[in-house]
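Dear colleague,

Please find below the structure that I am handing over to you, followed by an account of what was found in it.

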Amino acid sequence: MRMVRIGIRIDASNHFIVTSMKHALHPVRLLATALLAGASVVAMAQTKELNLYSARHYQTDEALYANFTKATGIKINRIDADDAGVLARLKAEGAASPADVVLLVDAARLSLAESEGLFQPLKSVTLQQRIPAHLRSTDDGNGSQWFGFSTRARVIVYNKDAVKRADVDTYEELADPKNKGKVCTRSGSHPYNLSLFGAVLQHDGPAATEAWLKGLVDNMARAPKGGDTDQIRAVATGECAIALTNSYYLARLMRSTKPEDKAVMDKVGVVFPNQQSWGTHVNVAGGAMARHAKHRAEAVAFLEYLSSDEAQQYFANGNNEWPAVVTVKITGNPALEAMGDFKTDTLSVAQAGKSQVAVQQMLDRVGYK
Ligand code: FE
């Protein structure tokens, strides 16, 4: 019987470590390894499942989960909700929560969940080695609480007939009076904007950031509304001339075969901002072990699996994102290929996410809804 396709060892803290995608390990040998390592065999024999609360719903995720189960024998019980729904459910359930692993998008949400005590720190050599330090939460000595597994860029889109590319090279320029009456964004309080604004705060300081946010409000073509795709469409129609969007919404339109989507992309130019300064803001979709996880070893095994070469491909490509693990490259995605390479901000996304309270206070002061 050949059930285990990935190598697993158990470290001193009884964590499963995914060591290799190549070396098969027979379940009996796995048990023997556990005995040698002094792990709780009883716990391992009884618990072959994992409760996953996920705010991600992409077709390729199905293959991701199926492959994990095939490789480890650990069944995944999935609860899907949107990000706010996952957070609300974790809070309502408290210590009775069956959640073992939580998947959320954006550092602002991950940081919020961390600050509300919904996660627990995790020490994993695999994750420390695989996930760059600026894409996971700060290690306070007990490990990180969450890890980014894919990255998305927050980019500028502009109407090619109405705006010169040179006028929208940077985030800072969006607040310049030359762009008055042209800018559209979704709500300033949306996590995607809170994180971007948090990054600007880290780079430009509080006074410049608040002045910048005020400038953005002054330059609005309309009051903030809708999602990122709505902003792209409004740029194409000319209702707005400039907008902010996460890169994967653009990629979806770029890959769409619908004539109306092609027409949108004909009108719209894309800028990866701040290439001459601190780089384009990138954020993450990430995962964490839930505060009250009962299947701890399985949770660690799953999170470590998400950093494997195979899982990185599925996880990132499924939503037209980039892998968090730098050595993994996506192939066969024309939209990502068209976007090419760009300079990314290397500031800690956790730092940007943690700034959300300060940013929200600024938004309130400048009247950015
Ligand atoms: Fe999104």
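Tyr65, Phe68, Phe302 and Tyr305 form one aromatic cluster. This is a predicted model, in which local features need pLDDT of at least 70 and side-chain atom pairs count only at pLDDT 80 or more, while totals for chains, interfaces and linings use all residues. Residues are numbered from 1 along each chain as its sequence is written, and side-chain values use heavy atoms, with hydrogens and water left out.

Aromatic contacts

Rings of Phe, Tyr and Trp (for Trp, its six-membered ring) are paired if their centres lie within 6.5 Å; planes under 30 degrees apart count as stacked, over 60 as edge-to-face and the rest as tilted. By this rule there are 10 aromatic pairs. One of them joins Tyr65 and Phe302, whose ring centres are 6.0 Å apart and whose planes stand at 40°, so the pair is tilted. Tyr65 belongs to helix α3 (residues 59-72) and Phe302 to helix α12 (residues 296-306), 237 residues apart. Helices (H or I, at least four residues) and strands (E, at least two) are DSSP runs, numbered from the N terminus. Buried means under 20% relative accessible area, exposed over 50%, and partly exposed in between, with a 1.4 Å probe and protein chains only. Tyr65 is buried at 5%, and Phe302 is buried at 0%.

Phe68 and Tyr305 make a tilted pair as well, with 5.3 Å from centre to centre and 50° between the planes. This pair also links helix α3, which holds Phe68, to helix α12, which holds Tyr305, across 237 residues. Both Phe68 and Tyr305 are buried.

A charge is said to sit over a ring if NZ of Lys or CZ of Arg is within 6 Å of the ring centre and within 35 degrees of the ring normal. The charged end of Arg56 sits in this way over the ring of Phe315, 3.6 Å from its centre.

Iron site

Donors are N, O and S atoms within 2.8 Å of the metal (3.2 Å for Na, K and Ca); water is not among the atoms, so sites may look incomplete. Which residues supply the protein donors of the iron ion? They are Tyr192, Tyr248 and Tyr249, each through OH, at 1.9 to 2.0 Å from the ion. Their spacing in sequence is Y-x55-Y-Y. Tyr192 lies in helix α7 (residues 191-204) and Tyr248 in helix α10 (residues 247-255), so this pair ties together parts that are 56 residues apart in sequence. Tyr192 is buried at 6% relative accessibility, and Tyr248 is buried at 2%.

Disulfide

With a disulfide taken as a pair of cysteine sulfur atoms within 2.5 Å, the whole structure holds 1 disulfide. Cys184 and Cys240 form it, with their sulfur atoms 1.9 Å apart. The link is left-handed, at -80° about the S-S bond. Cys184 is in strand β8 (residues 183-184) and Cys240 in the loop between α9 (228-237) and β9 (242-246), so the pair ties together parts that are 56 residues apart in sequence. Both Cys184 and Cys240 are buried.

Strand β7

In strand β7 (residues 146-159), 14 of the 14 residues are buried. Two strands pair if DSSP finds at least two bridges between them. Strand β7 has these antiparallel partners:

- Strand β11 (residues 282-290) pairs with β7 over 7 bridges, and Trp146 stands opposite Ala288.
- Strand β9 pairs with β7 over 5 bridges, with Thr245 as the bridge partner of Val155.
- Strand β10 (residues 268-271) pairs with β7 over 4 bridges, and Tyr158 stands opposite Gly269.
- Strand β12 (residues 322-323) is joined to β7 by 2 bridges, with Trp322 as the bridge partner of Thr151.

Yours sincerely
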